[in-house]
Amino acid sequence: MFQITTTRRFRQSLIDASGAFVMQDKSLYAKQLRNPSDKKDYSLKALGGATQEERFDAIVEQLRKLPKAASVLMLGRYRSDLNLLSRNDRDGLFQIDEHTGGIVFPEKPDMDIKFMTAHASKGLQRDFVFLLCCSGGLKGFPSAIPEEPLLGLLLPEVERMPHAEERRLFYVAMTRCKKKLFFVVDQSRPSRFMYELHDRICPNIFRGVKLPPQCPNCGEALRLRHTGSDPSRAFYGCTGFPNCRYTRPCK
């Protein structure tokens, strides 16, 4: 067996982060890639916002900083993730073809921007990638929509690590960029994958993007809540409610 361990498709910091992430699944065959360049790079960055409007603004601000003729891929877990751009564009900053996924940013008309799902992006690459859906919940990433029962019967036992297929798909999304990957983080309910990257893999990319406490029971975010109208009776409740009923006192 001959191993291909050298790649120039993306930079070393992305190789290290994506590899450490996907290899949390111990059923996968271990392989260590490297980029021959010894230049220091910063190929991952978290963009945050507690609301859709804040995340939309963060994307626009970043696009304005990119080269005017850059190729850009906007990736979603589902096609509905395009709504982050189309429904929050109150000033007409984009021209979006929802059928083809083509996006025009008139401030930089030479910029090649395309939206697609992570599934559809396999085998493709662009200079810059924005991963739009770094959220928890039913249609988050990882998706909480139950798999078809038949699929569970077809998968071998080693495939049954929680969110194993979603983890591999997230790895695909991470490795579509040549230069820089932007995680668009829902700071009110981040993806559990964001906690993993923040806590164990690449915490430095989250500068300025604070994550709420994580539920130790299910992995979703905790949210500050109040009992009735009394602000002194605050507690943290899981955003996965009613499937998860974990709570803890607010210190």
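Student: Among contacts between residues at least 6 apart in sequence, what percentage join residues at least 24 apart?
Tutor: In this predicted model, the figure for the protein chain is 68%.

Student: How many helices and strands does the protein chain have?
Tutor: There are six helices and ten strands.

Student: And what share of the residues counts as buried?
Tutor: Of the 251 residues in the protein chain, 45% are classed as buried.

Student: Now the sheet. What is the strand order in the open sheet of seven strands?
Tutor: The order runs β1-β7-β6-β2-β5-β4-β3, and the pairing is mixed.

Student: Which are the edge strands?
Tutor: β1 and β3 (95-96), each of which pairs on one side only.

Student: How many bridges join β4 to β5?
Tutor: Two bridges link β4 (residues 102-104) with β5 (residues 112-117), and these strands run antiparallel.

Student: Which strands does α2 lie across?
Tutor: Helix α2 (residues 52-63) lies across β1, β2, β6 and β7, running at about 140° to β1.

Student: Is α5 mostly covered or mostly uncovered?
Tutor: Mostly covered, with nine of its eleven residues buried. Among them are Glu-166, Arg-167 and Arg-168, along with Leu-169, Phe-170 and Val-172.

Student: Take α1. At what angle does that helix pack with α5?
Tutor: Helix α1 (residues 12-22) and helix α5 (residues 164-174) pack at about 175°, with their axes 9 Å apart. The two helices are therefore roughly antiparallel to each other.

Student: Which residues meet there?
Tutor: On the α1 side they are Leu-14, Ala-17, Ser-18, Gly-19, Phe-21 and Val-22. On the α5 side they are Arg-167, Arg-168, Phe-170, Tyr-171 and Met-174. The residues of this contact of α1 with α5 divide into seven nonpolar, two polar and two charged.

Student: And the α5 and α6 pair, what is the angle there?
Tutor: About 65°, with the axes of α5 and α6 12 Å apart. That makes α5 roughly perpendicular to α6.

Student: Is the crossing of α5 and α6 left-handed or right-handed?
Tutor: The crossing of α5 and α6 is right-handed. α5 contributes Glu-166, Arg-167 and Phe-170 to the contact, and α6 contributes Phe-193, Met-194, Glu-196 and Leu-197. The residues of the contact of α5 with α6 divide into four nonpolar, no polar and three charged.

Student: What about the bond from Phe-241 to Pro-242, cis or trans?
Tutor: The bond from Phe-241 to Pro-242 is cis, with omega near 10°. Pro-242 belongs to the loop between β9 (234-238) and β10 (247-249).

Student: And what are most peptide bonds, cis or trans?
Tutor: Most peptide bonds are trans.

Methods:
Residues are numbered from 1 along each chain as its sequence is written. This is a predicted model: local features need pLDDT of at least 70, side-chain atom pairs count only at pLDDT 80 or more; totals for chains, interfaces and linings use all residues. Side-chain values use heavy atoms; hydrogens and water are left out. Axes are lines fitted to C-alpha atoms, for helices over the stretch in contact, and angles run from 0 to 180 degrees between N-to-C directions. Helices (H or I, at least four residues) and strands (E, at least two) are DSSP runs, numbered from the N terminus. Angles under 35 degrees count as roughly parallel, over 145 as roughly antiparallel, 65 to 115 as roughly perpendicular and the rest as oblique. Contact means heavy atoms within 4.5 Å. Ala, Val, Leu, Ile, Met, Phe, Trp, Tyr, Cys and Pro count as nonpolar, Asp, Glu, Lys and Arg as charged, and the others, Gly among them, as polar. Buried means under 20% relative accessible area, exposed over 50%, partly exposed in between (1.4 Å probe, protein chains only). Two strands pair if DSSP finds at least two bridges between them. A crossing is left-handed if the near helix is turned anticlockwise from the far one by less than a right angle, and right-handed if clockwise.
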